[in-house]
Amino acid sequence: MNISQKEIESITTVKCAQPHGVLGMHPHQKGKKNCLIVRAYLDDAKSCEVVDVADESVRYELKRLTKDGLFEGVIADRSEFFKYRLRIERYNGEIRQFYDPYSFLPTLSED
């Protein structure tokens, strides 16, 4: 696990002031190697994978960190950001694939 208990609690209790800083894809260092880490909070997902949009046969499994659906996975063989979707299996067996809302930069406006 590469996330602190405080960060987990802030996400799972919906009290995180900057969820883009925790969820989505981020640069990560594993030992001396640059790689990526992806986190998603999906309370209706039994399992979750990152799917590369450029080649949908390339998938990376995320591990469940909490019972209520916080997932995390290190992508050790890549260090450059890439477009991705999340592929989940729900508890009822349904499979869904969708863009992670945290894969987009946060937007501030006058509204």
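## Terms and basis of the model

A residue is called buried when its relative accessible area is under 20%, exposed when it is over 50%, and partly exposed in between (1.4 Å probe, protein chains only). By this definition E49 is partly exposed, with a relative accessible area of 22%.

This is a predicted model, in which local features need pLDDT of at least 70 and side-chain atom pairs count only at pLDDT 80 or more, while totals for chains, interfaces and linings use all residues. Residues are numbered from 1 along each chain as its sequence is written, and side-chain values use heavy atoms, with hydrogens and water left out.

## Salt bridges in the structure

Side chains of opposite charge can pair when their charged atoms come close. A salt bridge is defined here as a side-chain nitrogen of Lys or Arg within 4 Å of a carboxyl oxygen of Asp or Glu. A search of the whole structure finds 6 salt bridges.

## A buried pair

Strands (E, at least two residues) and helices (H or I, at least four) are DSSP runs, numbered from the N terminus. Both E72 and R39 are buried.

## Two partners of E49

R59 forms a salt bridge with E49, and their closest N and O atoms are 3.6 Å apart. Because R59 lies in strand β4 (residues 59–64) and E49 in strand β3 (residues 45–52), the pair ties together parts that are 10 residues apart in sequence. R59 counts as partly exposed, at 41% relative accessibility.

E49 also forms a salt bridge with R87, where the closest N and O atoms are 3.7 Å apart. R87 lies in strand β6 (residues 84–90) and E49 in strand β3, so this pair ties together parts that are 38 residues apart in sequence. R87 is partly exposed, with a relative accessible area of 23%.

## A linked network

D44, R90 and E94 are linked in a network of salt bridges.

## A residue with positive phi

Most residues other than glycine have a negative phi. V14, although not a glycine, has a positive phi of about 55 degrees. V14 is placed in the loop between α1 (5–12) and β1 (24–30), and it is exposed, with a relative accessible area of 71%.
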